[in-house]
Amino acid sequence: MIPAAFDYAAPTTVDEALALLAEHGEDAKLIAGGQSLLPVLRLRLNAPEFVIDLGRIDALRGVRDDGGALVVGAMTTHATVATDPLIAQHAALVSKAVRTVADAQVRNRGTFGGALAHADPAGDVGAPALALGAQFVIAEQGGGRRTVDAGDFFVDLFETAIGEDELLTEIRIPKHTGWGAHYEKFVRIAQQWSIVAVAATVRAEGGTIAEARVALTNMGATPLRATAVEELLRGRPATEDAIRDAVSSVADGTSPPADLNGDADYRRHLARVLTRRAVLTAATG
Amino acid sequence: MTVTADRPAAEIGRDRRRKEDRRLITGSSRYTDNIVLPGMLHLAMVRSPFAHARVTSIDAAEAKAAANVVAVYTAADLDESAGVLINAWPITPDQVTPVHPVLAADRVTFAGEIVAVVVARSAAAARDAAELVDVDYDELPAALDLKEAVQDTVLAHPDLGTNKSALWVFDSAAAGTGGNVEDAITAARADGVVIEREYRQNRLIPAFMEPRSVVVDPTGEQLTMWSATQVPHIVRFALAATTGVPENKIRVIAPDVGGGFGGKLQVTPEEWLAWWIARQVHKPVKYTETRSESMIAAHHGRDQWQKLTLAATKDGRVTGLKVELTADLGSYVAIVGGGVPVLGAFMFNAIYKIPAYHFACQTVLTNKTWTDAYRGAGRPEATFAIERLMSDLADELGMDPLELREKNWITHEEFPFTTVAGLEYDSGNYEAATASAKKFFGYDELRAEQARRRAAGDPVQLGIGISTFTEMCGLAPSRVLGSLDYGAGGWEHASVRMLATGKVEVATGTSAHGQGHETAFSQIVADRLGVPFEDVEILHGDTQVSVKGLDTYGSRSLVVGGEALVKAADKVVEKAKPVAAHLLEAAVDDIEFQGGRFGVKGTDAGVTIQEVAGAVFTAHNLPDGMEPSIDAEATYDPINFNYPHGTHLCAVEVDTETGQVRLRKYTCVDDVGTIVNPLIVEGQVHGGLAQGIAQALYEDAVFDDAGTLVSGSFVDYLVPSAADLISFDAHHASTPATTNTLGTKGVGEAGTIASTPAVVNAVLDAVRQFGVEDIVMPCSPARVYAAIAAARAGDTGTTTEGAGA
Amino acid sequence: MTKIHLTVDGGAVSEDVEPRMLLVQFLREKLGKTGTLIGCDTSNCGACTVHLDGRAVKSCNVLAVQADGGEVTTIEGLAATYDGGELHPVQAAFHECHALQCGFCTPGMIMRSVDLLNENPDPTEDEIREGLEGNLCRCTGYHNIVRAVQTAAAAGKGEEQ
């Protein structure tokens, strides 16, 4: 319950934070909202010597409209993202998924960027970001910024494209205005991490699926985009049977974890059922 | 002073809001961890990560040298005054009981056992230094799986030569309480029905919300321990019995205690270490466990395999029941660890007239966390088994499960009824509770919806589960406990002090930790003495105040402690009568007491009990030779156990595509006799239901092959939240108990005992149509889905805890 | 050690703290605000819930240094209840509805309920249940806690009218 001792700094600019990262190297750990980091520190599963608090960098907060995309500051809390009207209008999938993250208190502190950078495969923000083709803006040493596509951002279990001396500043989410969306999360108790979840967003024309974006949570080391299924869904009628058929291969080739909640086969089965439900709900509201 | 005319006629039965609440809702609580004493030192434990290992060396040099560290202790430092942890209930004379030292010496026997303690000036310094203690272990093979452990292939304690601790047997033919079960089974095999099942009782963690905490102050004449315990009196006795400190030098206080559910009726290594260390360092010490420590070190509950044989006639009359249990003790026999399944022995026959009964329980040592009482303690396991069996038998016979139960239960005219297990049930009305429950539940409508969904092949199927339970509580008649070799009595004590100002101070030997005794007991005393509810103060949980007692567990506080209270209050009235007569210049025989007033028959003359108290305080004008006190105490030993009962009906929706189970409706009608406070009773039922439902659907203490508790935090041990449960439809019936003055029955455990089989029966009722016969608890979505899939593939569900769960 | 300044239950406080000190430890150990309790070490139970800058947070999951400059309200500062003062409507509803037994989850449960009603003054039962998903109670089965939040919500509506 008591973390190991560490030194601490709370920079107020991205440049200061980068300088601290450069100075302390692998001894340092960034803290965003801290909702995943602090439990780890309390249990002493990790004991960084230096903690850099991003909470005082005001520039990293907020949601803005940037034409074709929304820009979400990495330190914007889940609670803000979940209730932001721009996100609800142009990236409904994100709103819906973020509302399922942990619980209200955690959403009040936890940040969108922090969760993405933490890259827990059972976390609920990765799949929607991936499905919507988000881009990740990363601040590099020396003041540069680079942008990484969602497909390249998630590298492995708890590992992203963010380098050790870099930090995530913004997430750019292409607008999907008018798309239906649903995040189908499967848990045994409400507060649990996703056993499996499916993020789906659909542009429907009449009763037909014109375009669909689908991504899976906790079906592997990283969120998985189901592009083959997206292709199969294109042009299909938005009916249960048609969707069932199109999504039947969604879990093929996945390597989901096995734990007390179920083995890999069960999770693959769930992925098929949940994808059907998510797409149907996204397509028909 | 005048008679308090505005006092309502009866406090008993009123839904009084609780006296306890204000301090708890404003943050003025006094839980043990809130206590800070001058010079207080803090303890941190070094615990074994291995289930079974030889401790080859402990190097504490670095820890001892760390800043703010006062001492580091290992088993080598302990002396006899550290004591040992006791088992108070050896269930057989030849029970194999490993010695339970407060610190592991050369061998650790479960993952979580303490091997060293750091004492430091702050909790942080203690924790930091604990990380520096270097312990070398040689891993030993661990006895983990219960069924394997009973084979003695790997020994939890090699020096004992066996894992088998005790075999406890009851046979109705031998006891003369019924027939021979083998005969009944043979007859049923020839011309009847025999149901053979093996059910699993999943291991549970009590998961009280307040982690255990202990503070010991060695200064002063009496050494004082504050502990988050249900049993301050038992802790005091055990400290005296094992640590050499005379009982009169020990004061144990259970201040505000954040829940227990049986999980805090233990005497613990952590308490004993704090006790010993405080005496070594001559400073107050505190130890508060983390939740992670609590999960592995506080005792667990349940964990049995139940092999069951039920014999019946073809028309559904039960003729015999044979129960063979294997129960996991963990690596030590906890204070009543072995006794928990024995408490269940008397309850497998439940509310039914079963002519022949055989019960055998083998308790087994394993290299896992110790087990002991958890809400219901033995009775939930028994109730689960019989209520599952009755539903399985109904299914086998194609009968309605309620009808089958009715055919076998004791009818209300038959009380008092002596059961095949030898208990005398004093009262009950199973017909009335069941009829009422069916009505509130909408039984027929839900059955109709179930049929519709089934016919339509709805992916979401409806299941209806039944549990008509009774239980034995109010622990317990001392003679019965003696006959079972239990190490203490079952009486309870109360004292009533009439203060000079007319207020009343009551000390009870029960020790509340959320039950609302301060409120309910005030109601009883207010009625008994005719004083305002607000004028009664209930004191408890401090051996210096509540000088005698046996504490709170086994739904005993109201039915045993409450009766002691009644008797003490009645003595006060009797002692006050001569004073009143003296003051009124009347004969004692002419004095009648009603509504707090002593009156003289046939006149308007009278004095209030408060006036009598005042007169006794001044003692200026008392009858000759009378001691100036009307205070009284009573110690009550119950004459029988106490038998609440009820009918619980549960409807669940099972998503057959995922295996997800959702509660749809839960109705219960509990007969808990006379109700002192309906609000508190309802609260007890609600909380009990939540825990019983959680056993059925969510909670499971799972160890991996190395003996590590996998569900060792609330991330993996799934305690349900509000979002996972529904509003309950809880009602009462009331058949007063005949064995206590007020007619009360215990309610603390009823909801937990009844609900687990109701839920599992409901789940099975939804999926039996596919051929599923059993699903191991917790009925997780993975297990439910796997059972459906296997049954559809032609493989009937078997009782394993295997893959997919 | 880092010097922090914040407002706790309406009062200005200033203390030197180790950066590793959790907000809940700061409240309990440095300020003696023992009304806020610790029930777990994985931020599941919610017993330690307080308000930080007006929103419910788990104070075990915030470093004291992160709260520097902030405004914290604990169960002890929710209403001026010392010396018999009036309870906050949510506290009153918990008492009225028998929404607590052992009381250990109660401070966190009340603080979260207040936050929930601030967000949504007229919640449905489902919204209340979902809204309390981060607070565990072992005694009540939540039935009466839900009733209490409904009662407090109704009382709030009564005040507005």
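Leaving aside neighbours within four places in sequence, which residues is B:R236 in contact with?

Figure 1. Leaving aside neighbours within four places in sequence, B:R236 is in contact (heavy atoms within 4.5 Å) with B:Q222, B:E247, B:N248, B:I250, B:V252, B:T543 and B:V547. The residue sits in helix α7 (residues 232-243) of chain B, where helices are DSSP runs of H or I of at least four residues, numbered from the N terminus. B:R236 is buried (under 20% relative accessible area, with exposed meaning over 50% and partly exposed in between; 1.4 Å probe, protein chains only) and yet has no salt bridge, a term that requires a side-chain nitrogen of Lys or Arg within 4 Å of a carboxyl oxygen of Asp or Glu. The nearest side chain of opposite charge is that of B:E247, 4.0 Å away.

**Figure 2. The salt bridge between B:D765 and B:R447.** The two side chains meet at 3.1 Å, N to O. Because B:D765 lies in helix α20 (residues 750-767) of chain B and B:R447 in helix α14 (residues 443-456) of chain B, the pair ties together parts that are 318 residues apart in sequence. Both B:D765 and B:R447 are buried.

**Figure 3. The salt bridge between B:D570 and B:R528.** The side chains of this pair meet at 2.9 Å, N to O, and link distant parts of the chain, with B:D570 in helix α17 (residues 557-584) of chain B and B:R528 in helix α16 (residues 517-529) of chain B, 42 residues apart. B:D570 is partly exposed, its relative accessible area being 29%, and B:R528 also counts as partly exposed, at 26% relative accessibility.

Figure 4. With a relative accessibility of 22%, A:R268 counts as partly exposed.

**Figure 5. A network of salt bridges with members from chains A and B.** The linked residues are A:E240, A:D241, A:R244, A:R276, A:R277, B:D655 and B:E657. Over all chains, the structure holds 87 salt bridges.

**Notes to all views.** Residues are numbered from 1 along each chain as its sequence is written, and chains are lettered from A and ligands numbered from 1 in the order in which they are written. In this predicted model local features need pLDDT of at least 70 and side-chain atom pairs count only at pLDDT 80 or more, whereas totals for chains, interfaces and linings use all residues; side-chain values use heavy atoms, with hydrogens and water left out.

Conventions: Helices (H or I, at least four residues) and strands (E, at least two) are DSSP runs, numbered from the N terminus. Lys and Arg count as positive and Asp and Glu as negative; His and the chain ends are not counted.
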